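Biologist: I am new to this structure and would like to learn how to read a few of its features. Could we take them one at a time?

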Amino acid sequence: MALVTLVLLQLFVVAAGAHLLTSDSLRKKAPVSVASVEPPPPVPVITAGPVLAARGNGPLPVKGTLAGRLTEALGDPALGDSVGAAVVDVETGALLFGSGAETGVTPASTTKVATSVAALASLGPDATIGTRVVRGPTPKTIVLVGGGDPTLSSRKISGVYPQPASLASLALRTARALKAAGITAVTVTYDDGLYTGPRTASTWKPGYVPEGSVAPVTALMLDEGKVSPGSHQRVPDPSRTAYATFVAFLGKYGVKAVKSASARVNAPKEAQEIARVDSAPVYALVERALTLSDNDLTEALARQVALKEGKPASFEGAAQAVLGVLGRMKLAQGVRVFDGCGLSPKNRIAPAALARLVAAASAPDNPHLHSVVSGMPVAGFTGTLGHRFVKNHTVYGLVRAKTGTLDGVNALAGTTVTRGGRLVTFAFMADKVPPGWGKAEAALDRLAAIVAAS
């Protein structure tokens, strides 16, 4: 046993020596660099697909399947018996689905889409609305001139988008300019003559102003004609309220300001400007108007279109101007409006026309119109869709759409990307909705969800 152990031990020593000699020889012949050692295979990183497909040009949804599901959903009794629907492919402009698509339906606030498209096309996205102070007929008289900015604020507000112009800032700039000229006392008048005609539409219900849905439309307005910021109650004369507030601000900034006995005047056309403040650009105003379904702001945008297009800045002139702009864009067919915001129950827009308006605003070739889409409420997140799609939460964030609501009227028009990545627009409209709070809205949400899942 001892002999065997000794032999095995010797064999082990010889083998170990041979291994060391061989290894040493290999190391001398081929030195190995640390950098040349092959790294371990990388751990795969799994990411989600893009939120929006590039250009939205994925495959078209299967027409038969989409039509079948939408037709069934359109039969929901909550929508009543006057329902129209349209789905349009953005890339080709083709009507992918239609049911009563060319028949005019009361659009309610989806009218704001038509007004917004016209405003961006006519005015341009970067235009602003100014409120000015000019010199009066004598050295110690000044005139506050309204330019039609309803977002003009009674105070400077931070952290709000878009940032509104401030009447207090206008008064401060005016006071500084007057003092620099050696003037510390003035008589103040105001000019709101930019707009013409009635301050409320003849087609509006009488209760809209008292209930706070909209203010009397004037060219000089503060806080959208509200009694105070955040209130729904409206003042009876927005122009005179803004004027009185401006006079008070001047006194605060060290200028003795006196109201005139005949306060409402027409400022001289060539009057020297003393100070001014400007609204946010039109693209931001459009976003605000659509997200918040802002009636006052949309009526102002319609009148700005009228002014740019050479029409009277009235309800009638604004409607003509909006239709004229849409006509140049070949988007007026199926559109008939009597106001800018959609409060008029006499407005009529065909679902196909509304879907095509949204498609035009979504098209890559129309970047100047894109704020119509970015301003639309997002399902489950923002604006008038912030509380919607509760039973269709799988499409949260996937649908952008403008809502429309009047007595007996519910509408939804917007855009989505289908499951296959195709960018499409839709309009679902009902104007004989039976009583039942929220049921029609839920039915419209289901229709939009069907399109998103197609």
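**Reading the features**

Modeller: Start with helix H7, where Arg303 and Glu299 both lie, four residues apart, about one turn of the helix. Helices (H or I, at least four residues) and strands (E, at least two) are DSSP runs, numbered from the N terminus. This is a predicted model, in which local features need pLDDT of at least 70 and side-chain atom pairs count only at pLDDT 80 or more, while totals for chains, interfaces and linings use all residues. Residues are numbered from 1 along each chain as its sequence is written, and side-chain values use heavy atoms, with hydrogens and water left out.

Biologist: In what kind of contact do the side chains of Arg303 and Glu299 meet?

Modeller: Side chains of opposite charge can pair when their charged atoms come close. A salt bridge here is a side-chain nitrogen of Lys or Arg within 4 Å of a carboxyl oxygen of Asp or Glu. Arg303 and Glu299 form one, with 3.3 Å from N to O. Both residues are buried, where buried means under 20% relative accessible area, exposed means over 50%, and partly exposed lies in between (1.4 Å probe, protein chains only).

Biologist: How many salt bridges does the structure hold?

Modeller: The count is 19. One of them joins the side chains of Arg446 and Asp76, at 2.5 Å from N to O. Arg446 lies in helix H11 (residues 439-452) and Asp76 in the loop between helix H2 (63-74) and strand S1 (83-89), so this pair ties together parts that are 370 residues apart in sequence. With a relative accessible area of 35%, Arg446 is partly exposed, whereas Asp76, at 18%, counts as buried.

Biologist: Which residue forms a salt bridge with Asp192?

Modeller: The partner is Arg264, and the closest N and O atoms are 2.6 Å apart. Asp192 lies in the loop between strand S5 (185-191) and helix H5 (238-252), and Arg264 in strand S6 (residues 256-264), so the pair ties together parts that are 72 residues apart in sequence. Asp192 is buried, with a relative accessible area of 3%. Salt bridges can also link into a network, as they do for Arg132, Glu273, Arg276 and Asp278.

Biologist: How should I read strand pairing, and in which sense do S3 and S7 pair?

Modeller: Two strands pair if DSSP finds at least two bridges between them. Strand S3 (residues 130-135) and strand S7 (residues 273-278) pair in the antiparallel sense over five bridges, with Val133 opposite Ala275 in S7. S3 also pairs with strand S4 (residues 141-145), again antiparallel, over four bridges. There, Arg135 has Ile142 in S4 as its bridge partner, and a hairpin of five residues joins S3 to S4. As background, in a regular strand the side chains alternate between the two faces of the sheet.

Biologist: Which residues make the nonpolar surface patch?

Modeller: Patches are made of residues with over 30% relative accessible area and no salt bridge, like charges being joined within 9 Å and nonpolar side chains (Val, Leu, Ile, Met, Phe, Trp, Tyr) within 5 Å. Phe381, Val390 and Tyr396 make a nonpolar one of about 320 Å². Accessible areas come from the Shrake-Rupley method with a 1.4 Å probe, and for residues only the protein chains shown count as cover. Val390 is in the loop between H10 and S10 and counts as exposed at 55% relative accessibility.

Biologist: Which residues gather in the patch of positive charge?

Modeller: Lys156, Arg173, Arg176 and Lys179 do, on the surface. Lys and Arg count as positive and Asp and Glu as negative, without His and the chain ends; the place of a charge is NZ of Lys, CZ of Arg, CG of Asp or CD of Glu. Arg173 lies in helix H4 (residues 167-180) and is partly exposed at 44% relative accessibility.
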